[in-house]
Every structure is written in C-alpha cells, then in structure tokens.
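Take a brisk walk through this fold.

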Amino acid sequence: MLTQQQIDTITSNSNSQNEFNANRKCFETFGHLFNYNVLACLSQTYCIQGKPALNADAMCGIVRNWVDSTTGKKVCAFMKSDVLQPEYDEQGNVNPHTIGVRYTAMRSDELMIAKEFGFDAPVHTWTFTMFDAHLRGNANKRTWVQMPLVMCGKRAATALCRLVFPDIVGTACSPDELAEMILKDEDEIERIAYAANGEQVPQDLKKNDLD
C-alpha cells in the first residue's frame, strides 16, 4: 500500500494520468529495491505498455549492494565485467564472437557453503557478443552498430543478474530488452535503447511534437 506522500511525489512527477499509472506501477514493482525512494526508483525504471523495466546499471548496483535481511551480509561477493579481446582473420575481418563483454559474479552464501564443505565455490559468468546480437536480429540496429560494447555489456549484466541473483531482481528486464520483446515500432525501440543507456536520442529519431 502506497503512502499519501509517495502518491503525491509520483503525481508531481507525472504529466498525465497515463504517466502516473505507469510511474505508480514501476514504483509498486521496484520500489523496494530503492528503499522506497520514489524519485530514485522513477529515475531508473521505465514502463512499456504497462510492463515495468529496470535499467541495467541500476540492476547491477542493486545486486552489488543488496544486504540479506537475515544474515546482515551482502549477497553479492563480487561482480566484474571484462571486455573481450577482438580477434581478426588473415583478411582483417573481426570475429563477431570476440566482440563483446563478459560479466562474472559470485554469491557470498555460496562462498560460505563452499568453505564449510570444502569445495570450490561456483563462479558464474555470462558473455554476450555481437554474434549473439546477430542471432537475435540486433546486429544491424543503430544502437548496436554505434555502441556495440555498451549494448553487449548491458545484456551480459542483466542476464547474469537474473541467473545468479533472482532472489533480488526476479525476472526484471532492462527497458531495451523489454522494448524488443513487445514493441513493433523500430524507431521507438531505438529511442528507448538510447535513453535507457543514458545516451542522447539522435535528432532524426526524436518524436515530432505533432505526433
């Protein structure tokens, strides 16, 4: 149940009833991840056709800092990202399997269990490359052409968070992921991808005020 102060804050940061409904749904879905700070939540979430999404960078930050209420310890022991080293053939063509980002993480509870029973703690990794983007039909989209490592990094990060820390982020998607799943307007998908990654939307993609 939202407090009146939370409702008032959402109202003051919404320009229409539709935007209020979207903002409220985002806060109801993800507010607990931001310690119920309305403005922090709204700045890192996006609602697409009634479905809330969580920015990839925010997802990683939340996972890195999340404290288990039972143990009082952070759930994430560590998380890091590594850019792959591109490989080229004799003709100078780059191997798309080698353009990408790998995320690695470990859980503190798994470390404790491993230490207790004397076995190696699992190290979780997720790699996303431009070959993966090609398989998903994204490789030729403008955001992927202009910032391939950024996009690969965001996809690797959100996939790893969902895989290793579902108790924190559940099945949350980033805005660009969700847009690709449910939208058909390619320009709108691109607009969301740029905005969600903190990039300026190219002028030719901006919506006309008369639209």
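Leu-160 has a relative accessible area of 0%, so Leu-160 is buried. Buried means under 20% relative accessible area, exposed means over 50%, and partly exposed lies in between, with a 1.4 Å probe and protein chains only. The model is predicted: local features need pLDDT of at least 70, side-chain atom pairs count only at pLDDT 80 or more, and totals for chains, interfaces and linings use all residues. Residues are numbered from 1 along each chain as its sequence is written, and side-chain values use heavy atoms, with hydrogens and water left out.

Leu-160 sits in helix α8, residues 148-164. Helices (H or I, at least four residues) and strands (E, at least two) are DSSP runs, numbered from the N terminus. What does Leu-160 touch, not counting residues up to four places away in sequence? The list is Tyr-103, Thr-104, Ala-105, His-124, Thr-125, Trp-126 and Phe-165. Contact here means heavy atoms within 4.5 Å. Asn-138 is another matter. Leu-160 and Asn-138 are 22 residues apart in sequence and 20 Å apart in space, C-alpha to C-alpha.

Now the whole chain. The protein chain has 11 helices and 5 strands. Its C-alpha trace spans about 55 × 55 × 20 Å along the principal axes. Of the 211 residues, 44% are buried. Take the contacts with a separation of 6 or more: 51% of them join residues 24 or more positions apart. The accessible surface comes to about 12100 Å², and carbon and sulfur atoms hold 49% of it. Accessible areas come from the Shrake-Rupley method with a 1.4 Å probe; for residues, only the protein chains shown count as cover.

Next, charge. The chain carries 20 positive and 27 negative side chains. The centres of the two sets lie 4 Å apart. Lys and Arg count as positive, Asp and Glu as negative; His and the chain ends are not counted. Each charge is placed at NZ of Lys, CZ of Arg, CG of Asp or CD of Glu.

Helix α4 (residues 56-65) is the next stop. Its buried residues are Ala-56, Ala-58, Met-59, Cys-60, Ile-62 and Val-63. What do they pack against? Their partners are β2 (51-54), β3 (76-83), β4 (100-107), α8 and α9 (166-169).

Then the voids. On a 1 Å grid over the protein atoms alone, a cavity is a set of points where a 1.4 Å probe fits but cannot get out, and a pocket is an open set with protein on both sides within 12 Å along at least five of seven lines; lining residues have an atom within 4 Å of a point. Grid points are joined across faces, edges and corners, and a volume is the space filled by probe spheres set on the points.

A search of the whole structure finds 1 cavity of 30 Å³ or more. The largest cavity has a volume of about 40 Å³. Its lining consists of Lys-141, Thr-143, Trp-144, Met-151, Arg-155, Asp-176, Glu-180, Ile-189, Glu-190 and Ala-193. The elements giving two or more residues to that lining are α7 (142-146), α8, α10 (175-182) and α11 (186-196). The largest share, 3 residues, comes from α11.

The largest pocket has a volume of about 170 Å³. Trp-126, Phe-128, Arg-136, Asn-138, Arg-155, Ala-159, Arg-162, Glu-177, Glu-180 and Met-181 line it. Here β5 (124-129), α8 and α10 each give two or more residues.

Turn to the backbone. Most residues other than glycine have a negative phi. Asn-35 has a positive phi of about 55 degrees, although it is not a glycine. Asn-35 lies in the loop between α2 (17-30) and α3 (38-43). Its relative accessible area is 68%, so Asn-35 is exposed. Gln-49 also has a positive phi, near 50 degrees. Gln-49 lies in the loop between β1 (45-48) and β2. Gln-49 counts as exposed because its relative accessibility is 59%.

Gln-6 touches Met-1, Phe-27, Tyr-36 and Val-38, not counting residues up to four places away in sequence. Phe-117 belongs to helix α5, residues 108-117. Phe-117 is exposed, with a relative accessible area of 59%. Phe-117 and Arg-191 are 74 residues apart in sequence and 50 Å apart in space, C-alpha to C-alpha.
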